[in-house]
There are 2 protein chains.
Amino acid sequence: MARIVLKFGGTSVGDIDRIKNVARKVKVEVDAGHQVAVVVSAMSGVTNKLVEYCAGISPLHDAREYDAVVASGEQVTSGLTALALQELGITARSWQGWQIPIRTDDVHAKARIGTIETEELERRLSSGEVAVIAGFQGLSPNGRITTLGRGGSDTSAVALAAAIKADRCDIYTDVDGVYTTDPRIVSKARKLSKITYEEMLEMASLGAKVLQTRSVEMAMKHGVRVQVLSSFDKASGSDLPGTLVVDEDEIVEQELVSGIAYSRDEAKITLVGVADRPGVAAGLFGPLADASVNVDMIVQNVSEDGASTDITFTVSKGDLERARGVLEASKEELQYRRLLADSNVVKVSVIGVGMRSHAGVAQRMFKTLADKGINIQVISTSEIKVSVLIAEEYTELALRALHTAYGLDAA
Amino acid sequence: MARIVLKFGGTSVGDIDRIKNVARKVKVEVDAGHQVAVVVSAMSGVTNKLVEYCAGISPLHDAREYDAVVASGEQVTSGLTALALQELGITARSWQGWQIPIRTDDVHAKARIGTIETEELERRLSSGEVAVIAGFQGLSPNGRITTLGRGGSDTSAVALAAAIKADRCDIYTDVDGVYTTDPRIVSKARKLSKITYEEMLEMASLGAKVLQTRSVEMAMKHGVRVQVLSSFDKASGSDLPGTLVVDEDEIVEQELVSGIAYSRDEAKITLVGVADRPGVAAGLFGPLADASVNVDMIVQNVSEDGASTDITFTVSKGDLERARGVLEASKEELQYRRLLADSNVVKVSVIGVGMRSHAGVAQRMFKTLADKGINIQVISTSEIKVSVLIAEEYTELALRALHTAYGLDAA
């Protein structure tokens, strides 16, 4: 007997037939004797429509009302899923965020979960009742509905799993697990049976949108074993058909590199001939931060003449024009000669906790790319990741070459 | 300065533009210095879709889950309407049933309102804040969402108006008031500026679907002045462009008859040759009640032979087959000779509190119909109403003739 949280995303509950399918998947776990809590998202498309309604009335809307409106999507799915379970003879009831309650702060539209009162919930789970919980939402200190930000149902599920000390949190989605790289590009990509929290975090932050970053952070912090799996797969979740996201200790033989990730949402800006004096970086990145531009990779070259230098950094494609505007407005102050911008770039990263204890990982990456004639524009590294910025046209070539070079190809 | 409750139905909040229109109507009252609470229904079509979802999963669904699902429609509108008001510079916030709370019993899907905690609400109204309240819903004693049955938002509005001692409850709908009869049939129908609760109740129970019957009963009980008016009308509600539903005392010169109503949702059943002995009516109507068949008009003829009699009664068209089944099953026990059923009938009623003090109202009705050659099949009367059952094909003819006969025609 285990206690499991099952989370189903918008595609998995996209229509009545799919909700019935979800109920059948839950029944398998109930029949196996497990205690089951289910967390559901809104039916796919519903949240977008509700967000559109809000935007149609007021572009800068009150986030408290936005939350009341958009949280309704999950309310509907929770009730329908409870009905579908009852139809299969399972005792089940829906729970809204405010009913449990899932207490959050009052930062509407991106609230953070504080405490979850689980006493009644756990009593009912122990008695065999299935709890169907509306994801994505909670209750603010002054009694209003809050939402956790897009993709927040993952966070609801992991937070709940931590609170009720679940043995596992299964995140059902439309992919069947986490792959060594994007299988649409690299046909030899393999599904990983296990991956560490740290690696998953790097994958998630690079745009491999399998799990919301915050949910992975939370799982890591509370040691929640998370499984990513497909709701369209026939296997029972307890047979572990997906990818388990777990602590490093749980992975017996760690590969050097677990996966190759990439992000096309990158733009590169180079300021040529910036005065090389103390405070110039602060003078440059301060105004960008004020304009809410997130800067990722940063490289400052050693200056040739000791008087001026070049600074290159990346921002997301959507922030490029805003960044350019900010920098052109402060041209006088920053005293750079020219601003070069390029959005035809991609960030490719090799990720693996194994590289902590092994040298040569970065070197192998550089050599592999060089052998294919791919120029590296910017490099950044972390403890478990090496990222390079290259021209976007080389994306597929680079991914395939690196996948082979690190021994990740399927047999 | 008055305190007003404004209620907007599904058509009035049917899309974003209409919600903005609602906000403009509310603003007129706010600008005039009134304290305003707004009660909203779900956007038209939404509740039906949600009901369909529930039925698609489970024909005999758990009403508690049904309530969680369908109450979401009003939640969306309440948030959107608050946003639209804010966009016009008005301080406003949404309130869900559970937030106020509007306490109900636990009869899900048709809950009755118990108490409404208005302290915080009234404090905010007094400070100039507009409260936008999700209609149709409340909170059960054990913390679950309840709904009040179809059309329940009218009841929410009237109950709220009673609780906060509002000067008026304006029910915005897609008609501009209550008419002397159906203007689609009788072109000379006039809009009534005032009507009594009792008359409105008779109108409502006869299928003039302007106000939900329960909301009128509640208004009468608590003396809430209700106005029925159109949300597409340009006039301000405080200029009283619609029909006021009020106490008899408020109507200075009472007409003999206020309106002519009709209901096509009638079917007539006659049992021929029923044994004429004590207990036969109970033996007949008991099983019908057990099968949830509502019986309306009942006529029992004097028996010719002293041994058997004929009993005629009406049920709604939708109940006819069920009623027939019940009666055929108890044929042996009831010992009737034949069962005759006819659903080509219409019930026409003249309604007016004035008839209490005037004789001859019924007689004028019978004579008017006789003059047109219309046969009366069943008659029933109440203190302020005379109803007759006639063949459905005479509906229009009867309505026009009666409208003229009682002096209701527009000049």
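Student: Is A:Phe8 buried or exposed?

Tutor: In this predicted model, local features need pLDDT of at least 70, side-chain atom pairs count only at pLDDT 80 or more, and totals for chains, interfaces and linings use all residues. Residues are numbered from 1 along each chain as its sequence is written, chains are lettered from A and ligands numbered from 1 in the order written, and side-chain values use heavy atoms, with hydrogens and water left out. Buried means under 20% relative accessible area, exposed over 50%, partly exposed in between (1.4 Å probe, protein chains only). Because its relative accessibility is 0%, A:Phe8 counts as buried.

Student: Which residues does A:Gly9 touch, not counting those up to four places away in sequence?

Tutor: A:Gly9 lies in the loop between strand 1 and helix 1 (16–31) of chain A; helices (H or I, at least four residues) and strands (E, at least two) are DSSP runs numbered from the N terminus. Contact means heavy atoms within 4.5 Å. With that sequence limit, the residues touched by A:Gly9 are A:Ser41 and A:Tyr172.

Student: What area is buried between chain A and chain B?

Tutor: Buried area is the accessible area (1.4 Å probe) that two parts lose on being put together, summed over both. The contact takes 38 residues from chain A and 38 residues from chain B. Carbon and sulfur atoms give 64% of the buried area, which is about 3,100 Å².
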